[in-house]
Amino acid sequence: MGWSAGARLGQDDLLWKPAGAGGVAFHTDAAYISSNFRPYEDNSVTVWIALDDADAETGVVAYAPGSHAWPSAADKEKASVTDAAFHGEGDAGLREPARRAAAAAGVAPPQFEELTVPAGGAVFHHQDVWHGSGPNVSPERPRRALGLHYVRADAGFREAPPPDYIYGRYVLGEGDTTVHETFFPIVYTPKGYRSPVCDIACADPRSDP
């Protein structure tokens with residue numbers, strides 16, 4: 001991503017899709033994460049970590065390869081959390097947002113790829129990649145995963161309009177665009193610095209205090 005200042009944790013999610021649960025409509029993470037920060041371009045990346053073996057039966061994450069490079073027919077800077085639709089009916093409904101985005105961008109209809117990710121495996125994707133997942137049609141297997149969203153360490157909050165509700169609560173004063181490491185810890189810099197809370201979170205619980 002070319003982040004010379006390093007990376008910080010912007011958001012983490014526990015994603016639980018029990019047996020019989022529905023799918024997640026195709027979307028980009030830029031709509032509810034990247035759009036809240038400046039500079040906007042290439043400011044976030046997601047790491048999707050499987051906690052169970054994830055495959056087509058359990059509704060593994062699927063992608064529209066190359067969609068991060070689609071020319072945008074809309075102003076991504078104005079995207080917000082309300083623009084990110086996460087539900088749909090059937091394959092057509094779940095994948096339709098990506099098809100509409102491709103048509104608006106003037107590119108060929110997307111070809112979708114479902115991945116097989118073993119428990120403990122990870123997938124990285126760019127903020128502008130269109131992705132989603134089908135329903136979990138397994139009679140008994142859950143599909144659990146962690147989603148870790150990293151933001152470039154030198155990013156600031158957008159000023160106007162204010163950040164959406166997920167991030168707006170962390171703006172500590174009017175006009176303050178500082179992304180505080182108390183809430184968004186720095187996990188890497190080229191000089192080796194990381195926020196002290198990382199040492200606490202990564203400590204071995206079996207070690208003596």
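Biologist: Is Asp-154 buried, partly exposed or exposed?

Modeller: Asp-154 is partly exposed, at a relative accessible area of 41%. Buried means under 20% relative accessible area, exposed means over 50%, and partly exposed lies in between, with a 1.4 Å probe and protein chains only. Please note that this is a predicted model, in which local features need pLDDT of at least 70, side-chain atom pairs count only at pLDDT 80 or more, and totals for chains, interfaces and linings use all residues. Residues are numbered from 1 along each chain as its sequence is written, and side-chain values use heavy atoms, with hydrogens and water left out.

Biologist: Which residue forms a salt bridge with Asp-154?

Modeller: Arg-152 does, with the closest N and O atoms 2.7 Å apart. A salt bridge here is a side-chain nitrogen of Lys or Arg within 4 Å of a carboxyl oxygen of Asp or Glu.

Biologist: How many salt bridges are there in the whole structure?

Modeller: The search finds seven. One of them joins the side chains of Arg-144 and Asp-52, at 2.7 Å from N to O. That pair links distant parts of the chain, 92 residues apart: Arg-144 belongs to strand S9, and Asp-52 to the loop between S4 and strand S5 (61-63). Strands are DSSP runs (E, at least two residues), numbered from the N terminus.

Biologist: Of that pair, is Asp-52 buried or exposed?

Modeller: Asp-52 is buried, with a relative accessible area of 13%. Arg-144 counts as partly exposed, at 37% relative accessibility.

Biologist: And what does Asp-55 pair with?

Modeller: Asp-55 forms a salt bridge with Arg-141, and their closest N and O atoms are 3.0 Å apart. Arg-141 is partly exposed, with a relative accessible area of 25%. Together with Glu-57, Asp-55 and Arg-141 are linked in a network of salt bridges.

Biologist: Turning to the sheets, what is the strand order in the sheet of five?

Modeller: The order is S7-S4-S9-S1-S11, in an open sheet with antiparallel pairing. Two strands pair if DSSP finds at least two bridges between them.

Biologist: Which strands stand at the edges, and why is one side of each left without a neighbour?

Modeller: Strand S7 (122-126) and strand S11 (186-188) are the edges; each has a single partner strand, so one side of each has no neighbour in the sheet. The twist averages 35 degrees from one strand to the next.

Biologist: How many bridges join S1 to strand S9?

Modeller: Ten bridges join S1 to S9 (residues 143-152), and the two run antiparallel. Leu-14 has Leu-146 in S9 as its bridge partner. Strand S4 (residues 44-50) is joined to S9 by seven bridges, again antiparallel, and Ile-49 stands opposite Leu-146.

Biologist: What joins S1 to S11?

Modeller: Two bridges do, between antiparallel strands, with S1 covering residues 7-17. Arg-8 stands opposite Ile-186 in S11.

Biologist: What is the order in the sheet of four strands?

Modeller: That open sheet runs S2-S8-S5-S6, with antiparallel pairing. Its edge strands are S2 (24-27) and S6 (113-114), and each pairs on one side only. Two bridges join S2 to strand S8 (residues 131-133), where Ser-133 is the bridge partner of Val-24.

Note on methods:
Axes fitted to C-alpha atoms, helices over the stretch in contact; angles between N-to-C directions.
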